[in-house]
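Biologist: I have not seen this structure before. Please walk me through its side-chain contacts.

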Amino acid sequence: MRSWKNHVRGELQQRDQTEKLPFIGVFTSLSQMEERFEFRKTFLDDVQSKSLDREKLSQTVSDLTTVLYLKEAELQYWQSRVSHYRQEALSLAKRSNTLKTTLSEFEYTIECQSKELAALRNEQKGINEALALACREKDELLQRWMEEKREEADRLNKYNDAQERWQRVAKHLKKHLHSERKKEFVPIVTNSWYGEK
């Protein structure tokens, strides 16, 4: 942040220095023109006071007037340039202030976002720890559940085995009982030829 500000400040200072250079020439030229004007004015006064010939004086006055008009036009041009550069300097100063304000806002926003990011990272860390704990608890619960289901399956298998054994024994006993009953109740056969039982 600091290096960026220093860079912007350096660029603005360099621009100010380069923009001031044209004005130095303007004021120097203006000073020289005023000196020339004063000199010519003095010269004109001397010419008039010495009663030089009118034609030469008139020509000199005409030349001086022409030069004066040119210098006044040049002076107005440089004054307009000075006014233009002054307005541009004011505009750049306002823009610089706006940029400084915007930069301060961005710095504040970055600071707030950095704090928010740090808070979110802390929150994420807590959530990750809670998630890891929940996963461990889930794995432990699943392990216990599977162990209980395994024990329940073992009990069920033992019960089923016992039931099958009882059913086989019951079937065998039933079959044995049935055969014993057959032996006890032998059917009576009659002989129709002899009438013997």
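Biologist: How many salt bridges does a search of the whole structure find?

Modeller: Keep in mind that this is a predicted model. A salt bridge here needs a side-chain nitrogen of Lys or Arg within 4 Å of a carboxyl oxygen of Asp or Glu. Searching the whole structure gives a count of four.

Biologist: Is Lys115 buried or exposed?

Modeller: Lys115 meets Glu111 in a salt bridge, at 3.6 Å from N to O. Both lie in helix H2, four residues apart. Exposed means over 50% relative accessible area. Lys115 has 56% relative accessibility, so Lys115 counts as exposed.

Biologist: How far apart are the closest N and O atoms of Glu152 and Lys149?

Modeller: Glu152 and Lys149 both lie in helix H2, three residues apart. Glu152 is partly exposed, at 41%. Lys149 is partly exposed too, at 37%. Their salt bridge has its closest N and O atoms apart by 3.7 Å.

Biologist: Are the rings of Tyr77 and Trp78 stacked or edge-to-face?

Modeller: The whole structure holds one aromatic pair. The ring centres of Tyr77 and Trp78 are 5.3 Å apart, with planes at 65 degrees. Planes over 60 degrees apart count as edge-to-face. So the pair of Tyr77 and Trp78 is edge-to-face.

Note on methods: Residues numbered from 1 in each chain as written. Predicted model: local features only at pLDDT ≥ 70, side-chain atom pairs only at ≥ 80, totals over all residues. Heavy atoms only, no water. Phe/Tyr/Trp six-rings, centres within 6.5 Å; stacked < 30°, edge-to-face > 60°. Helix = DSSP H or I, 4+ residues; strand = E, 2+ residues; numbered from the N terminus. Buried < 20%, exposed > 50% of the residue type's maximum accessible area, 1.4 Å probe, protein only.
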